[in-house]
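This report describes the features that can be read from the model shown here, moving from the disulfide and the core to the sheet, the helix and the charged side chains.

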Amino acid sequence: QVQLVESGGGLVQPGGSLRLSCAASGIIFSSNAIAMYWYRQAPGKQRESVADITSGGSAHYADFVKGRFTISRNNAQNTVYLQMNDLHPDDTAVYSCNVLARIGPVPATYWGRGTQVTVSS
């Protein structure tokens with residue numbers, strides 16, 4: 001059974017930093033994972049993509065986080081990270097990780113439950 005567990009969220013002041021982690025079980029990143037994603041959803045807003053990283057290591061970012069956020073992964077620990085610097089109040093949201101993996105005959109996506117990030121003074 002695949003499980004994704006996010007951690008690292010919390011309350012931070014504007015300009016501060018947080019590092020989110022998404023630990024996966026039931027998936028072997030080096031063998032099964034095709035791409036890993038971070039999404040976020042603020043109250044009253046639609047979920048939006050924040051960043052993704054492919055199995056080959058190519059990273060992509062939404063324009064609103066470019067230069068501030070960095071996605072990375074550790075295959076040995078089956079964990080994907082999101083380093084968030086210079087946080088703004090409008091970065092406040094629930095951040096969730098998503099993994100596209102090929103475990104069965106066809107690729108499937110898996111979601112974590114999310115971690116709350118609140119940016120406020």
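## Contacts and the nonpolar core

A contact here means that heavy atoms lie within 4.5 Å. The model is a predicted one, and the contacts described below are computed from its atoms. Leaving aside residues up to four places away in sequence, M84 touches G16, S17, L18, L20, R68, F69, Y95 and V117.

M84 is also listed among the residues with the most contacts inside the largest nonpolar core, together with W38, V50, F69, V80, L82 and Y95. This core has 30 residues, and the elements that give two or more residues to it are β3, β4 (33-41), β5 (48-54), β7 (69-74), β8 (79-84), β9 and β11 (115-119). The largest share, five residues, comes from β9.

## The disulfide

The count of disulfides comes to one, and it is formed by C22 and C97, whose sulfur atoms are 1.9 Å apart. C22 lies in strand β3 (residues 18-25) and C97 in strand β9 (residues 93-101), so the pair ties together parts that are 75 residues apart in sequence.

The link of C22 and C97 is right-handed, with 45° about the S-S bond. Both cysteines, C22 and C97, are buried. A disulfide is a covalent bond between the sulfur atoms of two cysteines.

Strands of a sheet pair through backbone hydrogen bonds, either parallel or antiparallel. In this model, four strands form an open sheet in the order β1-β3-β8-β7, and the pairing is antiparallel. The strands β1 (3-7) and β7 stand at the edges, each with a single partner strand, so one side of each is left without a neighbour in the sheet. On average, and with direction ignored, neighbouring strands of this sheet are turned by 15° against each other.

At one end of that order, β7 and β8 pair in the antiparallel sense over six bridges, and S72 has Y81 in β8 as its bridge partner. The strands β7 and β8 form a hairpin with four residues between them, and in the turn N78 has a positive phi of about 50°.

## Helix α1 and N32

N32 has its place in helix α1 (residues 29-32). With a relative accessible area of 18%, N32 is buried, the cut-off for that class being under 20%. Not counting residues up to four places away in sequence, N32 touches I27, L100, A101, R102 and I103.

## Salt bridges

Side chains of opposite charge can pair when their charged atoms come close. The structure holds four salt bridges, and R40, E48, R68 and D91 are linked in a network of such bridges. E48 is partly exposed, with a relative accessible area of 32%, whereas R40 counts as buried at 6% relative accessibility.

D91 forms a salt bridge with R40, the closest N and O atoms being 2.8 Å apart. D91 lies in the loop between β8 and β9 and R40 in strand β4, so the pair ties together parts that are 51 residues apart in sequence. D91 also forms a salt bridge with R68, with the closest N and O atoms 2.7 Å apart.

Conventions:
Residues numbered from 1 in each chain as written. Predicted model: local features only at pLDDT ≥ 70, side-chain atom pairs only at ≥ 80, totals over all residues. Heavy atoms only, no water. Disulfide = S-S within 2.5 Å. Buried < 20%, exposed > 50% of the residue type's maximum accessible area, 1.4 Å probe, protein only. Core = buried A, V, L, I, M, F, W, Y, C linked by side-chain atoms within 4.5 Å. Pairing = 2+ DSSP bridges. Axes fitted to C-alpha atoms, helices over the stretch in contact; angles between N-to-C directions. Salt bridge = Lys/Arg side-chain N within 4 Å of Asp/Glu carboxyl O.
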